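Open the model in your viewer and keep the selection tool at hand. This tour goes from whole chains to single residues.

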Amino acid sequence: MKTIIKKVPAIFILLLASSVSFAQGGGGDLKLGYIYIDDDGNRSVSHSSFNYYDGPSISLENFHYRFKNGFRIKSNLQNINLENKNLSFELGKTGLFGIDVNTNRYRRVYDFDGDSRTKRDLTSAGLWFNPSRYVKFFADGSFNSVSGVIRDSFDPGFNAIARELDYKSGKYGVGVRIKHSGRMFHAEYNTVTYSNEIDELKDQSRMRYRLMGHFPVPNYEWLILSGVLQKFKTELDDTEFELKSTTARGSVLARLPNNLLINYIAFFNRAGSDSDFVETDNVAHLIYAGYTQPATFGVTAGYQMDINDDFEDEIKANSYYFSSWLKPYEAFELKTEYGFRAEEVEDGFRLVGNEDRSRIRAYGTYRKAELGSFKVGFESKMRENKQLESEAEFDRYHFDLYLEDLEIFMFSGGFSYFKGDYENNDAEFEFTSQQLYVNIDSREYRGITGGFGLAYFRNELDLDDESINMTFRGSYQFWGGNRAELIYRVFNFDNFLLLDQYYTENMVEFNLIKSLSF
Amino acid sequence: MKKNNFYFIGLPMILMAVCFLFPSNVCPQDQADCLDCHENIEATLLNSAHEIQTVKESKESMKATCFDCHSGWQKHLDNPTAENIRTGPELSLADQTDICGGCHITPHQVAMASGDPHARADLTCSSCHMVHGNGNEYLVREDLDNYCVSCHSSVAMEFQRRSAHPVESGNIRCVDCHDLSSIENAEFKIGFDWSCQSCHEEIAGPFLYEHPVTYSHLVEGGSCMECHEPHGSVNDRLLKQTSRVLCLQCHDVPPGHITNHSGLGSRYACVQCHSEIHGSFSNNLLLDPDLGDKMFPDCYQSGCHSVGN
């Protein structure tokens, strides 16, 4: 796979050169830049800035090219020369075939100085081919590599011991999809190999195959059957220790007159591992019914009954669902949703006992053409466990404003207020969080554009921290489609309870962008 | 229950096979007349699967014709008004499903038209896809890797929290976890191949000693999201709560753990000792295999405890 990635630029250049004689058109941005970073503090606390590196950078962004014969290439090669490179390349022809290759890197920092860190390399490739309009073959593969030093403690107050991490995994899949006049049959096979360089005991292999179908009943096209059958198995290479499952799902969808819809779903899953010494069945039945008055009103109600049975213990759950949307005026929309789930131990024992969960969401949106939209909403989630005297409640209020079609600038902004309350058997964790975001981008004036972005967080009560991420950006267009771009970013994080949890980063990025057009 | 596999698996498969053998027919018509009036429309479809072709060509390739999507064309040819021909965006989901589903019968389309929350919220194919004048992949309205956040703005904010998955840096995309081509798990998180283990294989198991909550097939289980907030969290490691409190959402504190070290957990988090929290190969208490070495300097060399005490 690595060899393929090394050859990608060569293939790309070859295609670019050969395209001249029969090119239809294309474009993209060639970007040469320099990133300067000045930071201070605990590098492990600011996730937003983990993946930035300083130094000169080369990118080719949004490159696309169409040939007269319908072949297309598309490419996004960001920071080719830096450790945070993010490269993607696609070649294909609509309705005939497609190939894509992607690779990117990500680092994660675990301690104050950034000495403990891990690096993840992910490379993937895919291929599909249509021998006829009814048949599609596809295949894909990916290679994931993680190495470095991790610290296991997830509480920043503790100085955890460092542990080395080094593992690789490869995934490969093939499949076929056949479709004809509203019918579809889909089959795929996937396999995974995982090797751990630190602990070979963890090396394992996985496989999955999946069959799917979707079929309107002949002469009763309003009645649609669909289903899935899936087998999954993962096995430790050393001990042949196994984890496996079989899943089947079937549904009947009836589209009745007057925009009435009824959907019944049956689900069965049997799973077991050598460590459980039992097999567990999950069986579920769902029924949804919905009514829609186009462009005016819609309502859906549903019920689900499911059983989790491992032959020693059995949990039964009843769930109810209700949602609706209403458009009293074309510009205004109101949506609500409510779900409730009650789990009961029917037989045997479960550590967490009976449990109730509920969720409610409601929001309204006002849209005005040639201006933008305003959205305000509320969401609440609750989990209650009487046996453990545990209760978790989570509320969120938010509003968002988009002004997209103004003459001078575009604006998007919003504010969210969260309140989380986790009351446990022996302790309580409570926090409030306020989040504000703003994005302003000016329209072009004499080749000049400017913009500003802000994300502000403030967590309080059992937490006491604050973060501010700001971006200032400006660009000047010159000599046709060329641009000079200056971006200044600030990342700041402060934890007022744990005083070594602070971090400030100033980043200046300068880019010269050559706009390509063929 | 175990002997009923036929009803769950075999019978539906037989029914589907029967249905597949008797499909209905679609009869495309010539479309040259359309371009007499809609002369610029051809350019808006160039190089897409909906590119204008002759009927003969369209039969041999994937390309669609005007008539595949716009029914009512017979009346429209006689009397060309906007009212007597069907166009996409103003139609209901069911009608759009009929049109698009004529060709686009994929697991994604099936999921959206049946149990998917988008469908229940009055979103249609054209809410995200635009057929004319769009060269984006899958004809998504905006060529953004994370197109979803244009509606899910609150989720977008979660990715900017102190601890978050690297969506902002472009390392993963929404669809890497939210598999739009899956119809079997639209309402469920039951099963082993959940999204998380695609990247985090090292904690996916199987383990000789499992932490039951990580396996949603077990009666204890609710999967990774019992402890983690997948988009972003105010706590480190995407955790729902800080470490000391998190474990207590399910576990009582064993009496031996309440010590003279100024009370529970003031010095050590649970995972300091129970470091194999996702599963262990060495012990059913999920303890660190190197716990003895790890604790020695703090507990014994400090002078507080002697070995064997």
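How many helices and strands make up the secondary structure of chain B? Select chain B: there are 15 helices and four strands. Helices here are DSSP runs of H or I with at least four residues, strands are runs of E with at least two, and both are numbered from the N terminus.

Before going on, note that this is a predicted model, where local features need pLDDT of at least 70, side-chain atom pairs count only at pLDDT 80 or more, and totals for chains, interfaces and linings use all residues. Residues are numbered from 1 along each chain as its sequence is written, chains are lettered from A and ligands numbered from 1 in the order in which they are written, and side-chain values use heavy atoms, with hydrogens and water left out.

**Chain B as a whole**

Stay on chain B. Of its 309 residues, 43% are buried. Buried means under 20% relative accessible area, exposed over 50%, and partly exposed in between, with a 1.4 Å probe and protein chains only. Now show the surface. Chain B exposes about 15800 Å², and carbon and sulfur atoms supply 59% of that area. Such areas come from the Shrake-Rupley method with a 1.4 Å probe; for residues, only the protein chains shown count as cover. Take the contacts (heavy atoms within 4.5 Å) with a separation of 6 or more: residues 24 or more positions apart account for 43% of them.

**Two loop residues in chain B**

Select B:Arg237. Look for the loop between β3 (232-233) and α13 (243-246). The phi of B:Arg237 is near 55°, a positive value in a residue other than glycine. B:Arg237 counts as buried because its relative accessibility is 18%.

Next, B:Leu286. Its loop runs between β4 (279-280) and α15 (291-300). B:Leu286 also has a positive phi, about 55°, although it is not a glycine. Buried or exposed? B:Leu286 is buried, at 8% relative accessible area.

**Over to chain A**

Select chain A. It has one helix and 26 strands. Buried residues make up 49% of its 518 residues. Its accessible surface comes to about 24700 Å², 57% of it from carbon and sulfur atoms. Among chain A contacts between residues at least 6 apart in sequence, 48% join residues at least 24 apart.

**Last stop**

Zoom in on A:Arg208 in strand β10 (residues 204-217). A:Arg208 has 15% relative accessibility, so it counts as buried.
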